[in-house]
Amino acid sequence: MTLGEEVAPEAVSAMEETIGIDACAEPGWFRFWFADQRWEWSDELAAMYGYAPGEVEPTTDLLLSHKHPDDREHVASCIAAALETGQPFYGRHRIIDTHDEVREVVVVGDLMTDGDDKVIGTSGYYVDVSERLEEQRQEVLEEILPEVIEARAVIEQAKGALILAYGVNAEQAFRVLRWRSQETNTKLRDLAAQFVDELRMLNKETAGFRTRFDHLLLTVHERVS
């Protein structure tokens with residue numbers, strides 16, 4: 001069941017109309033092969049950069065050309081590190097689309113392997129967490145979704161973990177959780193509870209914690225009973 005199915009359909013429609021959810025906010029997926037440094041992206045991710053489906057082929061140079069000048073060097077080093085160490089590409093940075101609009105994104109990455117479990121690349125999602133909801137709109141959201149508010153305790157814990165790992169604010173963390181709920185057809189409160197339970201088992205002192213954290217976020221729905 002998705003988040004939208006937890007409340008009346010008319011309430012969900014009212015919420016979407018009120019807070020102004022649009023297609024540009026949809027997460028987009030990517031794949032990056034290490035051997036030939038080849039990229040693939042979804043139409044949603046192309047749109048995030050301002051391109052129509054099939055308009056351009058994604059390349060490292062193209063992606064870097066859209067990074068905010070203050071973030072470009074950092075992103076380039078993250079891509080280089082992924083190639084050198086075989087680790088996922090992830091992080092938080094800003095992009096500038098073809099309309100010169102600045103978007104703040106969180107990249108959630110995981111590893112791609114072949115049939116022999118050999119690492120061949122990285123894949124994941126871009127989540128647009130740009131500031132778009134005004135305080136009054138958030139109040140309307142809470143009024144329309146009382147079931148979500150009742151489950152706030154565990155959701156707040158999951159949000160706190162995302163805030164710590166990705167350096168986002170509370171509203172942006174909630175958008176990431178809501179995305180995984182909708183993407184995996186899992187109740188938001190159940191996803192958050194499972195995520196928090198499994199997160200407790202991760203050792204933050206262990207090398208590769210961020211890689212394990214991203215993997216947990218992308219697969220936790222599979223273990224929700």
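Let's start with a pair of charges: lysine 159 makes a salt bridge with glutamate 156, and their closest N and O atoms are 2.9 Å apart. A salt bridge here means a side-chain nitrogen of Lys or Arg within 4 Å of a carboxyl oxygen of Asp or Glu.

Before I go on, a word on what you're looking at. This is a predicted model, so local features need pLDDT of at least 70 and side-chain atom pairs count only at pLDDT 80 or more, while totals for chains, interfaces and linings use all residues. Residues are numbered from 1 along each chain as its sequence is written, and side-chain values use heavy atoms, with hydrogens and water left out.

Okay, back to our pair. Both lysine 159 and glutamate 156 sit in helix α7, residues 152-166, three residues apart, which is about one turn of the helix.

Are the two partners buried or exposed? Lysine 159 is buried, at 10% relative accessible area, whereas glutamate 156 is partly exposed at 35%. Buried means under 20% relative accessible area, exposed means over 50%, and partly exposed is in between, using a 1.4 Å probe and protein chains only.

How many salt bridges are there by this rule? The count comes to eleven. Another one joins arginine 223 to glutamate 198, with the closest N and O atoms 2.7 Å apart. That pair links distant parts of the chain: arginine 223 is in the segment after α10, glutamate 198 is in helix α9 (residues 188-199), and they are 25 residues apart. Arginine 223 counts as partly exposed at 37% relative accessibility, and glutamate 198 counts as buried at 12%.

Then there's aspartate 36 with arginine 38, where the closest N and O atoms are 3.4 Å apart. Aspartate 36 is partly exposed, at 48%, and arginine 38 is partly exposed too, at 36%. These two belong to a network of salt bridges that links Arg31, Asp36, Arg38 and Glu40.

Look at glutamine 37 now. Its phi is near 55°, a positive value in a residue other than glycine. As background, most residues other than glycine have a negative phi. Glutamine 37 is in the loop between β1 and β2 (38-41), and it's partly exposed at 44%. Where else do we see a positive phi? Aspartate 100 has one near 65°. Aspartate 100 is in the loop between β3 and β4 (102-113), and it's exposed, at 64% relative accessible area.

Next, rings. Rings of Phe, Tyr and Trp (its six-membered ring) pair if their centres lie within 6.5 Å; planes under 30 degrees apart are stacked, over 60 are edge-to-face, and the rest are tilted. By this rule the count comes to twelve aromatic pairs. Take phenylalanine 30 and phenylalanine 89: their ring centres are 5.9 Å apart and their planes are at 75°, so the pair is edge-to-face. Phenylalanine 30 lies in strand β1 (residues 28-33) and phenylalanine 89 in the loop between α4 (69-85) and β3 (91-96), so the pair ties together parts that are 59 residues apart in sequence. Both of these phenylalanines are buried.

Tyrosine 125 and tryptophan 179 form another edge-to-face pair, 5.1 Å centre to centre with 65° between the planes. This pair also links distant parts of the chain, tyrosine 125 being in strand β5 (residues 119-128) and tryptophan 179 in helix α8 (residues 170-184), 54 residues apart. Tryptophan 179 is buried, at 5%. There's also one aromatic cluster, and its members include Phe30, Phe89, Trp39 and Tyr126.

Last stop, a helix that is mostly covered: in α10 (residues 209-219), nine of the eleven residues are buried. Among them are Phe209, Arg210, Phe213, Asp214 and Leu217.

So which pair did we begin with? It was lysine 159 and glutamate 156, joined by a salt bridge.

Conventions. Helix = DSSP H or I, 4+ residues; strand = E, 2+ residues; numbered from the N terminus.
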